[in-house]
Amino acid sequence: MGQVDNLSVSSNEPMFKSVLIANRGEIAVRIARTLRSMGIRSVAIYSEVDRYSAHVTAADSAVALKGNTPAETYLRGDLIIATAKSQNVEAIIPGYGFLSENVDFAVQCEAAGICFIGPTPEQLRQFGLKHIAYEAAANADLPLLPHSELLADVEEAKLKAQTIGYPVMLKSTAGSGGMAMERCNDENHLVDVFSKVKRAAAKLYSDDGVYLEHCIDDARHIEVQIFGDGHGHVIALNERDCSLQRRHQKIVEETPPPNLSDNVRARLRDAAIRLGTSVKYRSAGTVEFVYDRTCNEFYFLEVNCRLQVEHPVTEATHGIDLIEWMVSLAAEEPPRALYSPPTPEGVAIEVRICSEDPLRNFHPSSGTLSQYQPNAVEVLTAGTYTTIQDYPGRVGHWDAGVPPSGPMDDYAFRLANRLVGNAENAAGLECTLVGPSLRFHISTIIAITGATMNAVLDGTSVDSWKPIPVQAGQILKLERSTSGCRTYIAVRGGFDVPIYLDSRSTFVLGKFGGYAGRILKSGDMLFIDKCISDSIPSSISDALIPHYPAEDEEWQVGVLYGPHGAPDFFMSDYIDQFFATIWQVHHNSNRLGVRLLGPKPTWSRSNGGEAGLHPSNIHDCEYAVGSINFTGDTPIILTQDGPSLGGFVCPVTIAKAELWKIGQMKPNDRIRFFPITFDQALTMEHDQDKSLATLTSSTTYIPLSLLSSSASTTFECILAQLPETATRPTVVYRQAGDHYILIEYGAMQLDLRYRFRVHLLMEELRDHHPVNGILELAPGVRSLQIRYDSRVIHQQQLIVALLAAEDRLPTEESDICVKSRIVHLPLAIEDSATLDAVKRYRETVKESAPWLPNNVDFIQRINGLPSRDDVRRIVFDASYLVLGLGDVYLGAPCAVPIDPRHRLLTSKYNPARTFTAEGTVGIGGVYMCIYGMDSPGGYQLIGRTLPIWNTFVNNTAFEDGHPWLLRFFDQSFFIAYKLLLNRILIIAHSNIFIAQINTSQL
C-alpha cells in the first residue's frame, strides 16, 4: 500500500520541521511544493467544499475546518491557529488574500508562539491603510498624486475634489484587489457613488474609510518586487507591468515592462528601495506606482505586504524561489542571494483567464469548461426539480451499476421531440411539479408535453402538445402542475450538454450527466444544438394525448408476473391480493423509486437463508427497470435512477409501454396493477411506437381490466426450467417484464460454481454465439439477466436460443479459469460517516430495530461471536470475491468471503436507509458491499474505505477508461488504516491512489 505522508527529507535538519499553509488553491499548491523541496512538512487546511481540491493532496497532511464559506474557515484566524497548535507546526505562511495582510492574525500568531511568515505586524499596520501608507511614502520622499485625507462625509469629498481636480478616484483606504473604488468624472458622479463605495468598503474590509486621489487616465500600472531582511537591507527584483486590467483586475503581468526607459526603471527601483529601507521592511512585498505617460512621471499608489499572484514572473527571470526566501528568512536563515541578487534574464508573462458569461453582462461563470455559443436558453428560475434527460438514457452499463436515467415519462418526452422535429434521443428538460422560467436568447421552436402546467410566454398562455415558436428575448414560465407530475420541454435541436457514458441524461445522485451533473439552478445557460431535420409537424391527434387520472380516479398499470412469485417466495393468496389492492403512492417517492402503501405481504418462507434473515432477501441479482421490489415488506417501483443489483424479490415488472405512467404519479395517487401477457405487452409497445412515428392513433384502446385475468392461475413467473443432472445444476428461466429474462442456477444457496457457470454462459452469448436482439448481459451471484429487444426477438424465440446455449456449455467437471486481481483497500472501522448514517436512520426512518443502535454489535450478536473485536478480525482476515457490480449503484461490489469461516450472516435494514456515505462498507446476508456514492442502502454498516467510483477517471488505478474500480472476480482484502479517513478519501479523488492491485487467476 502506498503511503500518504511521504516526504523527501534532506540530510540536513530543516530550519522548520512543519509549516501550516493558511490558504487554498494555486498558491497553497505552490507553497506545498516549495516546502517539500526544503524538507519541511506542510500542513494544509480546507473547508468542506474544498475537500477534493488540489492543495489538500499537495500537502503532506491536511486538516478540515468545519464550514463551507471562507468566512467560516479560511478567514477564521482562531481556528487556523488552533489547528497549527494541534499539528505542532512552528510557522504559518498565508500566501496572498485571506489573512495574508491581517494585522490581528499576525499578532495572534506571535502571541501563540508561532512564526508568521511575512512582514512584521507593524509593517502590515503601516501599509494596510492607504492614507497611512501615504505618510510613510512621503517620509521616504516618494512622488505622490494629489490626494485627500480620510473623508468625513460627501460634503468634504466635494470640497477636496475641487481642490484636487477632476477626474478623481474615490478609494477605500483598506481596499485591495481593485474593489471598493470608483472613478468620478464630476461632482454629480462623486455624490452618486460616495455611499456605495463606503458600503462596499465596510462590507469587504470592515472599514468604511475612503479618500480621494487624482485620476490619471493615460496611465500605466507599474509595480516593483522588493525583499527585505528586516534589519534595513532591502533589494528590488525588477519591475512588473500590470497595466492591462479589466474591472480593476490585472489580466496580464509582464517583466520587464515594455517601452519603459532604463532611467525610469532605475528611478522606480530606487524609490521602492527607499521606502522599504525606511521601515526596515521584512520579507516579500510589492510597491505599486501609477505611471503618467503624458509626462513620463510616476507616483506612489500602495504597498502590498505579501506575496503577489504575479510573483512567478519575477522568479522566472531571476531564477529564484520567493517562497523559499520567505521561509528561510522567517527561520532566521536569510538566503544568500538576498545580499548578492542574481541579474535578471529574459522576459516572463503571466495571464489571467476569466470564465464569464457574455449573455449575462460577463457575469462570472464557473464550472466544467466545455464550449460557448450564443444560441442558449437562460434559466431564470429552475423550478422544483428540473434536469436534462435524453432517451433511452445511459443504457449498456447496467452490469456496473450505472442506471439508465433518462425521462421518467418517455412517451411524453419522445413526443415532445417529434413535435419540434428532433430525433427522439435529443436532450430535453424534465420538470417536476413546478416548472422553470426560461429566457430564450435565440429564436427557436419548442414543445411542452407531459403533466399539465400553465405555460406563459411573455404573459400569453401557450398550449401544450403542439409546436410553439419562440422569439429571441422571450421568457417562458411554467407554473405548478395541475394534472400529472412531470412536464417535458423540447427545443428544436435539443440541448447541447456533454455526453457521459454514451448519454446526456442527468443522474443527480451520481453527480454526472446533464448540466454539471445536477438539477438546474438560476443563472444556468443551456446551449442548443443544431437540428438536422427540416420538418416540423403542426398538430397531433388528440387521441395521442394521455389522460392523467383525477383525484377520485386511479392509475391502471399493466404488469408482467415475475420474476419472483408464488409459491417460491409469496403465498398465492397474497399475489391475488396484490392485484386486487388499490395502492397509494408514498410521499417519499422520486426518480430512484416510487414507494407504495398497501397490505403487508405474506411470505411462503421464514427467511432468505444465506441471502439474509428476512424472507424478502435473495442472493443478489440484477433488477429490471420497472420491477416492483420488496425491500423487506415495503414495495418500491424501481425507476430510471433506481439500483441495478440487489438482494430483494420482485413479484411483478411493469410493461415497457406502461412505464411512462409511473413518471406521472405523484404522492397520494392511487394505482391498481393488472397482469398482462408478454404478447399483450408487445402489442402495446408496437402500437406506441407506431403512434410516435405517425403522430396518429390507429388502435382502439382496450381497458387493462379486460386484458387481464387472475395472475395466480393464468400467469406464471417461470418460462422454462431444466432439471439438475450429473453435469449441470438446475436452470430456471424467469420472466422479468417484456424486455428481461432472469436465468438462475442451482438451489437458492451460495455456491461459487453457479457464478462460474454464469460466467461461461456470458462468454457463450457474448463471444461465441451472439443472439440478435440481446442488448445486455448482467450477472448476479447465481443468476444472469438478459436484457433484450422484444421487437427484434420474441420471448419464446429467445428462450429457445438460451436453452441451446446452455446445452453448449462445458460440464461442471470441466476446469474453468477466470482472470482475477488482488485488490488491497484501507478500511477504517466505524468512522464518523458510518455512525452518522445509522444515527440519521434512527432519527428519520426507524428509531428501534434489532440492528440498532450499533450495526457491529448486531453482527457480533447474531453470529454468536464473543466480542466486537472478532467482527473486526474476521473482516480483515477475509478475502472477498467480487461476484457482481452495482450492488445498489456505481460499481459497488457484491462480494463474498472465499473462506466460509469468514462469512458473517446478517439481515438487511427493513425499511432501507435513505442515506449511506460514499465508500461505506456494509454486510448483508453473507455479502460485502462498498457503496459507490452517497445513496440509500440496506446493508449493516461496519466502516469506510476508498471510493470505488471515479467519475472523470482522473486516477490511474481506474483501468481501461472505466469509472468503476473493481472487476468481476476481483479478490479484495481490507487493511486496517489509522489515518483520518477524510484524508484517505481526498487522496483517492486525486491521482494518488492507495489501493494496491495485482493480477492473478482463479
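Predicted model: local features only at pLDDT ≥ 70, side-chain atom pairs only at ≥ 80, totals over all residues.
How far apart are the end C-alpha atoms of helix α18, and what span should its 17 residues have? The end C-alpha atoms are 23 Å apart.

View 1. Of its 17 residues, 12 are buried, so the helix is largely enclosed by the rest of the structure. Among the buried residues are L752, Y754, F756, V758, L760, L761, M762 and L765. R755, R757, H759 and E764 are buried too. The cover over these buried residues includes strands β38 (740-745), β39 (774-779) and β40 (783-788). It also includes helix α19 (795-807), β42 (880-885) and β43 (893-897).

**View 2. Helices α4 and α5 packed together.** Helix α4 spans residues 103-111, and helix α5 spans residues 121-128. Their axes lie 9 Å apart, at an angle of about 175 degrees. That angle is over 145 degrees, so α4 is roughly antiparallel to α5. On the α4 side, V103, A106, V107 and E110 make the contact. They meet P121, L124 and R125 of α5. By class, the contact has five nonpolar residues, two charged and no polar ones.

**View 3. Strand β30 and its two partners.** Strand β30 holds residues 593-597. Four of these five residues are buried, so the strand is largely enclosed by the rest of the structure. β29 (residues 583-585) pairs with β30 in the antiparallel sense, over two bridges. Here V585 has L596 as its bridge partner. β33 (residues 634-638) also runs antiparallel to β30, joined by three bridges. In that pairing, R595 stands opposite I636.

Definitions and conventions:
Residues numbered from 1 in each chain as written. Heavy atoms only, no water. Buried < 20%, exposed > 50% of the residue type's maximum accessible area, 1.4 Å probe, protein only. Helix = DSSP H or I, 4+ residues; strand = E, 2+ residues; numbered from the N terminus. Pairing = 2+ DSSP bridges. Axes fitted to C-alpha atoms, helices over the stretch in contact; angles between N-to-C directions. Parallel < 35°, antiparallel > 145°, perpendicular 65-115°, else oblique. Contact = heavy atoms within 4.5 Å. Nonpolar A, V, L, I, M, F, W, Y, C, P; charged D, E, K, R; others polar. Expected span 1.5 Å × (residues − 1).
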